[in-house]
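Subject: Structure for your study

Dear colleague,

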Amino acid sequence: MDFSNFLMMHQELGLLAIFLILIVFDIFAGETPVMKWFRPLAVFLLAVHTVAGFFVVEDGTAFGGMYVTNDLTVLMKNILNIGTLVVFLQAGEWLRKEDKGIREGEFYVITAATLFGMYLMISAGNFMLLYIGIETASLPAACLAAYKKHQEKSAEAGAKYILMTAFSSGIMMFGLSYLYGATGTMYFEDMQSLITMTPMTVLGFVFFFAGLAFKISLVPFHMWAPDVYEGSPTPTTAYLSVVSKAAAVFVLMLTLHHVFGGMEKVWYYLMWVITVVTIVVGNLFAIRQNDIKRFFAYSSISQAGYIMLGVLHGSEMGLSATVYFILVYLFSNLAAFGVITSVENRTGRTEIAAYNGLYKTNPKLALVMMLAVFSLAGIPPLGGFFSKFFIFASAAEQGDYILVFIATVNTVISLYYYLRIVKAMFINEPAADMGEVMRTDVYNKASLVLCVAGMLLVGVVSGVYDYIDAIGF
Amino acid sequence: MGEIANMIVFYCMAAVIVISSILAVTSRRMLRAATFLLIVLICTAGLYLLLNYHFLAVVQLSVYAGGILILFIFAILLTSAKGDRTESQDTKRMVSGGLALVAGIGITVWATLKHKFLYGDNLTILGDQEINMKEIGNAMIGTGKYEYLLSFEALSVLLLTCAIGAILIARKR
Amino acid sequence: MNILSVLVIIPLAMLLALLVSRNRAYVRTVVTVGFGLVLAAAVAVAVVFLQERAVSSEAMLLTSSTVWYAPLNIHYAVGVDGISVLMILLSSVVAITGVFSAWNMERDFFVWYCLLAIGVFGYFISLDLFTMFLFYEVALIPMFLLIGVWGNGKKEYAAMKLTLMLMAGSAFLLTGILGIYFTAGGTTMNIMELSQMSIPMNHQYWIFSLVFIGFGVLGALFPFHTWSPDGHAAAPTSVSMLHAGVLMKLGGYGCFRVAIFLMPQAAHELSWIFLILTGISVVYGAYGAVLQTDLKYINAYSSVSHCGLVLFAILMLSRTAMTGAVLQMLSHGLMTALFFSLIGVIYSRTHTRDIREMGGLMKVMPFASVCYVVAGFASLGLPGLSGFVSEMTIFVGSFEHTDTFRRVLTILATTSIVVTAVYILRTVGKVLFGPVLNPDHLKLGDAHWYERFSAVALILCIAAIGIWPSGVQHVIYESLQPVMEQINLF
Amino acid sequence: MGFTVYIILVPIVMFLFLSLGSKWLKPRTAGIIGTAGMAVSTLLSYFTAYRYFFVEGQQNGVYAKITAFTAEWLRFGDKLHIDMGVLLDPISVMMLVVITTVSLMVHLYSLGYMKGEVGFQRYFGLLSLFSFSMLGLVVATNIFQMYIFWELVGASSYLLIGFYYTKPTAVAASKKAFIVTRFADLGFLIGILILSFNTGTFDFGLLTADNASLAVTTMSGGSFLGLSAATWAMSLLFMGAAGKSAMFPLHIWLPDAMEGPTPVSALIHAATMVVAGVFLVARMFPLYVFAAPDVLTLITYVGAFTALFAAVIAITQTDIKRVLAFSTISQIAYMMVALGVSGMGGHAGEGYTASMFHLFTHAFFKALLFLGAGAVIHAVHSNEMENMGGLRKYMPVTHITFLIACLAISGIPPFSGFFSKDEILSAAFQHDKFIFAVLWVVAGLTAFYMFRLYYRIFWGAERRYDKHPHEAPAVMYVPLIVLAALTCVCGMLPFSKFVSSDGAPFSAGINWGIASASVLVGIAGIAVATWFYKKASDRPARAAAKWAGFWDAASHKFYMDEVWQFVTKKIIFRCVSRPIAWFDRHVIDGTMNALGTMTEKASETIEPVQSGKVQTYALVFVFSVLIITVGVFLL
Amino acid sequence: MIPMEHYLIVSSIMFFVGVYGFITRKNLLAVLISIELILNSVEINFSVFNRYLYPEHMEGMFFSLFGIAISAAETAVAIAIIINVYRLANNIDVRHIDKLKH
C-alpha cells in the first residue's frame, strides 16, 4: 500500500472533503435553523476549492497508471468547478422556495458527488476507473433530474434519464469488453500500443463512443436530452447541459488522443458525419420549440456539434479550441439558465412566450439573456464569437473546409432561433400579467455577473486562450 | 472426462440462459419475468464457476440473486396492485426490436469470429486453477498496476451517493 | 495611442455614457457631441493621412499593430490608405446626419446605433482579417434590434431576414477567411502581409468565391439582395441611412480589400461569373425599381443597382474602374442617406410611403422636395453631383478592357442610367409634382431644423464631390497602387 | 481671351444666387438681376466674337481653335482626363452670340410674360442655369465636357419644361423629354467610350486635327457586327445628337415639351438646346467625313426624312406651339441634312457652312415666332387655333414681327431664312438630287404651314374674345422687334467668310437657279395657304376630308407617340419591369424565403421522431450504433 | 474444451435479447430487467476474455465485479425513481411516460 499515491489527488480529495462535510452538516443540521448556513457553506467551500484548483498543479500518474493528472486535467476540472459553482449559486433560490418535499442539502451533496465522478472520468488512465467515473457522474444525476418528486414531469425526466443512461452504459460496457478482449488491457497506455484495426476493436470503439456520445448528446444518441432537460429542475438542466456534457467531451477528447490515436481513420469519418448531423438536427429541432428549456436542450445539442469540430481532428489546436469553447459555452449557457431560473421562480413558466417583453419589465435580465444567446450564436464581441472562430480555425487548420462551411452555414439557422428569443424579449409586447419587476436573489445575481463577465472577458482578454493554448495533451 | 462434462454443463446452461432471457423479456407476467431473470443470473453464476471464477460467482449470486432480484420483486409487488400482467405488445416495435436483435447478434458474432484471438497456451496452463482469494483481496486494495484500490474507493462514493439519491427519491416525504 | 483607435473608442465611450442616462436631453447631447467628435476625428485622420502621405510611400499609413491572440497570429492591426480614409469620412458624415434624422429617438436606439458605429469604424481601420471580421459582425447585429424594435411595417420579418441573410454572408466569409489564413501558410492575419504570400490556386478558386459572395451579400449582389428592399423598407430613417449609406459599403470595401487584393489570380479567372451577376444586379435593380410604389422600395432597388455597379467596377480589375467603384461607394453612400433622410421627413408627416397616395408635395414641403429632387438628380447621374463622376469613371474604366464580353457588359450596365432616370423621374413626378392629391397633406409642415441640417450637409458633400472630384479621385487612384501591383502580377 | 470663362460663370453665379436667395428676393428684383447677368454675358459674347473674328482668331488665314481656358477636372487614368475649358472657334463663338442673344431676349420677354407667376425667382434661376449649361456645352474643349453640359442642359430643360409642376401634363412632358433625351444620351455616352478608348483622348483639338487622322488610324479596324469602331462610335454619337435635336424617331419629346412656359420654348426648343445635336455633328464633322462617311449618309437620310415627316405633321396641328415645334424639327432636320451632304474644306464644305448659317438664322426667327406665339397666347389665354383669328388688329407689333419671321422661314428674300436655306438647297443639289427634291418639297410645305398658322392667328374669322386682346407690354414686344430686326439683317452676313468646315474663309455665292426654285415653291406654299386660310371657309375641311386617312394619321403625328407608348409601357414596363419585379418577389425572394420554409418544414418532418417514448430512443440508439458499426466496417 | 466464442455467442444473445426487451417491454420494471440482462451479458464477456485470453491479471474479473456493484446501484436508483413515477402516475407503463416530447 502506497498512500503517497493519494497525495497527487488533492483536487479529488478536496472535493471529497466537501462532499463529506456537506453530508455530515446535512445530517446533523437536519431541520434546525442552522440549515440556513448550508448554502453559504456549500458555495463558499466550492468557491475556495475552485480557486485553489488554479494554484496547485502537479504532473504525474498514480495507482499504476490508473490515475493521471497534469495541467490539462487540472484545467478541465477547474472549468467544471466553475460551472458547478455557478449551478450552486443558481440552485439555492429554487431549492428554498420549492415545496416541502424537497430537501435542500441533498442537491449539493449529490451534485458534488457527480462532480467527483467527472474528476475521475477526466483523470482516468484506465477504462475501469473511467467507467466508474461515468457511472458516478450519471446515476446520481438521475436523482437530480427527478428531484422535484411531486412533479410528474420531473419524475418522467428522471425515469427517462436513468433508463437511457443505464442502457447506454450497457452498450458502452459491451464495447469496453470487446476492446478488452481484443487487447487484453484496460490501461490507456497499454491499449494505445496494442490496439489495431480489427472488426472487434472497431465494434468495441463504436459501442464505447456511443456511450460517450450519449453523454455529450450527439445525434443520434441525443434523444433523451430534450425530454430530460425539459422535465428536470432548471439547475439540474443547467448542470446536465453544461458540466456533465463538458466532462464527457473532455473524456472523449482524452481517450481519442490517448487510446484511439491509431484508429483515427475510423473515428474521423464517423465523427465527421455525426458532427454534421448533430449540428443540423439540433438546429432543426430548436427552431420549433416553445419551451425555453427544451429549446436550450436542442441548442446545446447543436453546440455539442460545434464542439466536435475541435475534437474530431484530435489536433493540439483542436484541443485548445475545444476547451476554450467549452469555457465560453459554460458561461453563456449558464447565464441563460440563470435567467430562466429567475423567471421560472417568479412566474413558474418556462415557455418562450413568458419572455415576451422581458426587456420592458426586467431590462437587466433581458440584457443578460440577450448576451447569452448572442454569445451562443457567436456574435462579437462576446466570447462565443471567439470560441466559434477558434474552433472553426482548428478544423480549417486540418484542411476540413467543407465541415467548416457546413458548420458556419448552420450558425445562421442557429442565429434564427436565438434571435427568436431576443425578439420575444425586445420586440414583443409583454403580456398583461408580466408587469411586475422581478427580484433575483443575491446568489443568482452573483452567478449572472460572473457569467456575463466571463462572456465578455474571456473573448476580449486574450490571456485566457493563451493560457489554454500553452497546455497540450 | 471433465472436459466433456464441462461442455455438457456449459451447453445446457447456455440453452437455459438463452431461453430464460428470451422468456424474461417476453413473459407477460412480471413475476415470471423476474423469475426467468433469476434463472439467467444463476446460470451466469454457473458460467463463472465453469470459468473458475468462484468469487465472482458468489458475488453474482449474492448481489444479483440475493439483492437486486429481491428489490425487483418488492418493486413488482409494490407497483402492480391490479395484477402483474402487462398489456399486449406493440407488434411494430417487436418487429423492429427483433430486427435489432438479429442484426446485433449477427454483427457482434461476426466481429468476434473474425477476430484472431491469441489463446491456446494460457488456457491449458491456467485451466483449472482457482484464483486465490488472497490474491483477489490484495488486488482489490493495492495501489499498483492491476490493483484496484482507487476503483474500489470510487465505487464506494458511487454507492453512497446512489443510496442517498435513492432514499431521497423513494421516501415518501 | 494610435489616432485611428479613437474612431472606435469614441463610440464606445458614447455607448457607455448612454447606458447610464435616462434623460432625453442628455442622450441628445451625448450623441451629437459624440458623433461630432467622431467627425472631427475623421477629419483629423484625413488631415494627418494627407500629411503622412506626402512623405511616405507605404501602402498603409498610421499603422500600428498589437498582438492579440498570438497562437493564431491575430493582431489588433490598424492602418489606413486613401480609400479607408474616405470611407471613414463618409461614415462619420452619414453617422452624424443620421443622428439628426433620428432626433426624437430614445436612448436604447442610440445604444445600438453606437454599437453599429463601432463596427463600421473598426471595420474600416482594420488591417487584420480577424478584427475586420469581428467588426463586420459587430456592425451587422445591431440591425436586428434597430429594425425590429424601432422599424415599421413588416419589421420583424424584415429584421430577421436581413440579419439572417447578412449573417449567412458572414458565414461564407468566415470560411473564406480561415481558408485564406491557412492556405497562405497560417503565419499571419495581416492583410498587407498576406498579400505578399501566395495562396495556392486550387484554393483561391473557392476562397475567392466564398469571400466575394460573403461580402457581396452585404453589397446587394444578385441574387442575394432581397434583404435590401424589405430591410430598408422596415427600418427607421436613420438606420436606413446608415445601412444603405455605410453598411452596404462594407461589402464593396471588403470585396476589394480582401477578395481582390489577396486573391488577384482567382479574381482574374473568376471575375466573369461575378461580372455577370453584378451586371444583372445593376440592370435588374434599376428595372426592379421602376414599378415599385413604396418610396423606400424604390430606393432599395436603386441601391441594389448602384451597389451592383460598385462590385461590377471592382471586378473589372482596372484601376480607373476601381477608382470609380470607390467614388460610387462615396456617392451612393451620401445620396442614399440623403434619400432616406428625406423619405423619413416625408413619411413622418404623411404617414405613408406609397407614391400613389401622395402628390404635389413640392407645394407643401418645398425644402424637402427640392432636396429630394437634388438627390434624384444625383442618383440619375447629373453632372455636378457625385453620381455622375463615379458612374462615368466606372464606365470609362470598364471600357478599357478590349474583350467583347466586358465591353458588352459595360454597355448593358450603362443602360441602367436611363432606367434610373425613369424611376427617379416617375417618383419625383408622382410625389413632388402634380396637384396635391390628399387635401390633408396641405396642412403638413416642412422639414425641421435638424432634418434640414442632415439634408444640407449631405447635399454639400454630394455637390463637393460632383464639382471638384479630382481631389478625391487622386487620393483613391494613388491608393490603388498596391492592388494594381497585385493584379498586374498576372 | 481668358475672360470668356466669365460668359459661362456669370449665369451659374446668377443661378446659385437666385435659387438660394429666392426666399429673400422680390420677384421683380430677381428677374432684373437675372436679366442683368445675362446681359453681361451677352456683352462679353459680342466682345468675344469681335476679338475672335476680327483680331485674334485668324492664323495663317484660317480660323484656329483657340483654347481660351482649360483646367483638368477629373483624371480617369494615365491617358484619359476630363478638362473643363473654353474652346473658341468659329462655330462656338457663333453659338455664344446666338445663345446669349436669344437668352437675353427671352429673359427680357419673360419679365413681362411670367409676371405674377408663382416661382418667378425660381424661373429666372433656372433660365440662368440653362444658359450656363448651354454656353458650357458650346465652348467645350473636349467631348466629355460637352457630354457633361449636355446632361446639364437636359436637366435644366427638364426643370423648365416642368416649371408648372402642379400641371400633370407639364410634369409628364418634362419627364418624357428628359427620358427620351437620356436614352439618346446613352448612345452618346457609349459613343464617347468607344471613341475615347480607341483614340485615347477626349480632346476636340486632337480628335479633329489633321482631318481626324487620329481616329482614322485607330478606329478603322476593330469591327464589331461588321462595322468598324469608327462607324459605331460616330453612329452612337449621332444617336445622342438625334435625341437632343429631335430627329426621327427620337423627336417625340419635343412637341410635348411645349407644355413649358412659352419663352422657355423659344429659348430651348427653338434657338439653343435643340440645335445642340447639329452642333455636336458639326463639332465632330472631320471625324464623320474621314472616319465614318457612311454615318454621314445616314444622317442625310434621317434628316431628310425627318424634315418631310415633321413638315407634314405640322400642317395638321392646331395647337400653335405644336406647329412651331414640328416646324422646328423640320428645320433642324434641314441643318442635319446640310451637314450630311457636306464635304470637307472649301466649297465642298458648303453644306457645313450652310448648316451653321441656317442654325444661326433659324435661331432668331424661330425664337421670334415662339415669342410672338407667346404674346398671342398671353393675349388669348389659349394655344388652340380655334380660339384665335383676326388678331392683327389688336396686336400690330406682334403681327408684323410674326409675319417677318414667317417670311423668313419660308425662304422669301431678303429675309435671313432665304439665304441660309438657299445655301442648304444648293449644297444638297450638288450632293444628291433626290435629297434636294425632298428638301425642296419641304420648303414648300414649310411656307404653307407657316402661313396657315399666320392666317389662322391673325386673319380669318374673328372670334368672340372674353377679354379684349391687347398688345403685349413693351418689355415683351421690344424683344420681338429686336429679333425681327435681326431676322431681317442677319441673312446678309457673309457667313462663309467666318464659318467653314476647315476654318478657311471662302465666299459662297447665291445659286440663283436653285434660289429661284426655292423662292417659287415658297411663294406657292404661301399662295395655297392664303387660298385656304386667309378667309374663314370650309376649304380646309374639305381638303382634309378628301385625304381623311392621311390627315388623321398626320394629325396624330403618325402615331409615333403611341408606338413609343407601346415600347415603353408595354415592353419596358409590362414585359421587363413587371416580370422582374415579380421574379424578384417570387423567385429570388421566394427562394430565400423557401430556404427558411424548407428548414421549418424539415424541422416539422423530423419532429415525430422525438416521440417522447424512451423505447424509441433506445431503438434509434441501437440502430445507429449498428449502422455506424457496419458503416465503419465497410469503410 | 469449450470454445471461447460459444461463451461470447451466449453473451451476445443475452445482450441483444436485453436490448430487445428494453425496446419492447411495456412495464418500466420489465425494462429494468432487460437492462440487467444487458449488464449481465457484458460481465460474462469480461470474465470470459479474462479467463481465456489474459489470465495473467484479473482485470476482466474485477470489471465484472465492479460491474455487478454498479448495476446494483443503478437498479436501486432506477427502482426508486420508478416507484416515484408509480406514486405520481399510479402506473409504471412506459407508454405513459411520454409527456415530454417534440
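In this predicted model, chain D has 635 residues, and 60% of them are buried. The secondary structure of chain D consists of 25 helices and four strands. Along the principal axes, the C-alpha atoms of chain D fill a box of roughly 110 × 65 × 55 Å. If one takes the contacts in chain D between residues at least 6 apart in sequence, 79% of them join residues at least 24 apart.

I turn next to the contact between chain B and chain E. Chain B contributes 72 residues to this contact, and chain E contributes 59 residues. On the side of chain B that touches chain E, at least two residues come from each of helix 1 (2-26), helix 2 (30-50), helix 3 (54-79), helix 4 (91-114), helix 5 (121-126), helix 6 (133-141) and helix 7 (149-170) of chain B. Helix 3 of chain B gives the largest share of that side, with 13 residues. Sorted by class, the side of chain B that touches chain E holds 52 nonpolar, 17 polar and three charged residues.

Chain B also meets chain A, in a contact that takes 32 residues from chain A and 26 residues from chain B. On the side of chain A that touches chain B, helix 5 (104-123), helix 6 (127-145) and helix 9 (199-216) of chain A give two or more residues. The largest share of this side, nine residues, belongs to helix 6 of chain A. The side of chain A that touches chain B comprises 20 nonpolar, seven polar and five charged residues.

Yours sincerely

Definitions and conventions: Residues numbered from 1 in each chain as written. Chains lettered and ligands numbered in written order. Predicted model: local features only at pLDDT ≥ 70, side-chain atom pairs only at ≥ 80, totals over all residues. Contact = placed C-beta atoms within 7 Å. Nonpolar A, V, L, I, M, F, W, Y, C, P; charged D, E, K, R; others polar. Buried ≥ 20, exposed ≤ 12 C-beta atoms within 10 Å, placed from the backbone.
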